[in-house]
Amino acid sequence: LQNGAEGVVVSLLPPGRDAEGAFVSLPAGASLPDWKLALSLKDQKLFDAATDQRIASYVWIGVLVVLAVIVLALLILRVIRRQMALTRLRNDLVANVTHELKTPLSGMRLLVDTLLNSEKLHEPTVREYLSLIAKENLRLSRLIDNFLAFSRMERNKYALDFHTVPAQAIVDGAAAAVQERFNASGCHFEVKSATNLPLVTADADAMVTAVVNLLDNAWKYSGEDKQITLRAASENGSVTFAVQDNGIGLSARDTKRVFKRFYQVDQSLSRSAGGCGLGLSIVKFIVMAHGGAVRVESEPGRGSRFSLVLPAKAAAKSGGREANKEGEVL
Amino acid sequence: MTAKKVLIVEDDATLLRGLKDNFQANGYEVRTANDGQRGLAAILQEPPDLVLLDLMLPKINGYEICRAARARHLHTPIIILTAKTREEDIYRGLQLGADDYITKPFDIGDVVSRANALCDLDKACAEIGVRARHDK
């Protein structure tokens with residue numbers, strides 16, 4: 001006895017007969033002892049196809065789960081590595097900051113103690129000590145300014161106060177900030193700015209900080225005979241402030257990474273003038289916030305030229321300067 | 001009595017000046033070096049009675065100077081003067097052969113006292129034919 005519907009065959013089998021191809025076989029009940037009810041498919045291929053489909057879907061799900069686990073593991077690994085790198089950077093920063101703050105502080109304490117404890121110091125020595133203390137004080141102030149700027153940058157709290165200012169004012173401000181130090185023997189410092197530099201929309205103090213950081217860098221990475229030039233020129237609706245030095249220069253690899261936070265080309269060299277690898281990242285932040293760009297051209301052993309490009313304020317010209325102190329007009 | 005000779009290896013000009021003046025005022029004959037290369041050369045050419053050594057120096061750092069001096073069996077007392085205050089830095093410095101480790105900012109009286117004590121110990125050991133320290 002068979003009844004077929006939807007491709008499934010239900011068979012009632014008398015005692016002693018086997019259901020060939022049945023996927024289920026059950027006793028028919030108490031009223032038909034030894035009889036069996038069997039379910040089989042009209043077309044076995046349908047069953048095989050459904051089975052294959054199910055197996056394929058299980059395999060795919062399995063593969064996807066394994067892939068998802070691998071991707072997740074890689075992501076977690078990446079997050080952990082980034083976190084570890086960040087922790088290392090933070091620890092290094094704390095160590096560097098501590099070190100950089102302590103060095104000028106140690107110098108000041110040593111000289112102050114010497115002044116207090118020595119009964120007979122000559123007047124020129126006293127004046128020399130006071131001048132060294134003032135220099136260390138200035139160095140400490142610059143370090144603290146940079147740390148604060150970096151901290152504000154990190155917390156997105158670095159508020160810029162934009163005004164229309166002559167580009168020349170930025171050049172003059174930066175040159176004045178380093179003049180005393182750069183006038184020392186062993187350093188030839190020149191300022192060459194074009195006539196009729198335009199006005200720019202800028203936070204003048206922040207831009208002076210950016211240019212001074214470039215000048216500090218030039219000082220730090222130049223040897224005993226320093227040749228440092230600050231140039232400013234106007235071209236195609238923008239103003240370029242460039243600092244050129246004859247220092248150790250940068251490799252192509254260093255050039256790409258030099259604006260990254262905490263990056264220092266030569267730890268031992270930078271140590272001699274202080275710094276934590278924050279100066280150039282602050283420069284980049286300030287210039288980008290002005291809608292400008294930073295550029296670096298360098299050759300190892302021959303020196304570097306760092307340029308900051310700011311958009312000029314349209315259709316307005318500042319008074320500018322007639323010519324630079326060397327008489328050159330760009 | 002001949003003056004004790006101290007070599008100060010320090011790249012910070014202000015500290016170098018202050019240390020030099022204070023040690024001269026305390027009767028030392030002072031030589032100075034403002035980078036690691038010059039410092040090591042000065043130690044090897046004419047070993048002083050005492051070395052005051054910064055750690056973070058241009059060209060060759062203070063650890064390497066310590067290691068190189070002890071590797072050449074130089075037993076000159078070395079005092080490290082540094083802003084590095086981590087325990088691992090102190091341990092490393094002393095393990096490489098430094099006799100004392102003073103962190104910046106320091107009290108100059110303390111530095112001079114320790115320098116005097118080390119020089120006296122070294123002299124006393126030399127008089128009885130004992131080395132104050134072992135080879136590294």
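This is a predicted model: local features need pLDDT of at least 70, side-chain atom pairs count only at pLDDT 80 or more; totals for chains, interfaces and linings use all residues.
Two residues are taken to be in contact when heavy atoms of theirs lie within 4.5 Å.

A:Leu308 belongs to the largest nonpolar core, a set of 54 residues. Within this core, the residues with the most contacts are A:Leu308 together with A:Phe189, A:Leu215, A:Ile228, A:Leu230 and A:Phe241. Helix α4 of chain A, spanning residues 204-220, supplies the largest share of the core, with ten residues.

Turning to chain A as a whole, its secondary structure consists of seven helices and eleven strands. Chain A has 330 residues, of which 38% are buried. Its accessible surface is about 19200 Å², and 56% of that comes from carbon and sulfur atoms. When contacts between residues at least 6 apart in sequence are considered, 68% of those in chain A link residues at least 24 apart. A:Phe150 sits in helix α2 of chain A. This residue counts as buried because its relative accessible area is 7%, under the 20% cut-off.

Chain B contains five helices and five strands, and along the sequence these follow the pattern β-α-β-α-β-α-β-α-β-α. Of its 136 residues, 51% are buried. The accessible surface of chain B amounts to about 6300 Å², with carbon and sulfur atoms accounting for 49%. For contacts in chain B between residues at least 6 apart in sequence, 63% connect residues at least 24 apart.

The two chains also meet through a pair of helices. Helix α2 of chain A (residues 123-154) packs with helix α1 of chain B (residues 13-25) at an angle of about 150°, and their axes are 10 Å apart. The crossing of these two helices is left-handed. On the α2(A) side, the contact is made by A:Thr125, A:Glu128, A:Tyr129, A:Leu132, A:Lys135 and A:Glu136, and on the α1(B) side by B:Thr14, B:Arg17 and B:Asp21. Sorted by class, this contact comprises five charged, two polar and two nonpolar residues.

Key: Residues are numbered from 1 along each chain as its sequence is written. Chains are lettered from A and ligands numbered from 1 in the order in which they are written. Side-chain values use heavy atoms; hydrogens and water are left out. Helices (H or I, at least four residues) and strands (E, at least two) are DSSP runs, numbered from the N terminus. Buried means under 20% relative accessible area, exposed over 50%, partly exposed in between (1.4 Å probe, protein chains only). Accessible areas come from the Shrake-Rupley method with a 1.4 Å probe; for residues, only the protein chains shown count as cover. A nonpolar core is a set of buried Ala, Val, Leu, Ile, Met, Phe, Trp, Tyr and Cys residues joined through side-chain atoms within 4.5 Å. Axes are lines fitted to C-alpha atoms, for helices over the stretch in contact, and angles run from 0 to 180 degrees between N-to-C directions. A crossing is left-handed if the near helix is turned anticlockwise from the far one by less than a right angle, and right-handed if clockwise. Ala, Val, Leu, Ile, Met, Phe, Trp, Tyr, Cys and Pro count as nonpolar, Asp, Glu, Lys and Arg as charged, and the others, Gly among them, as polar.
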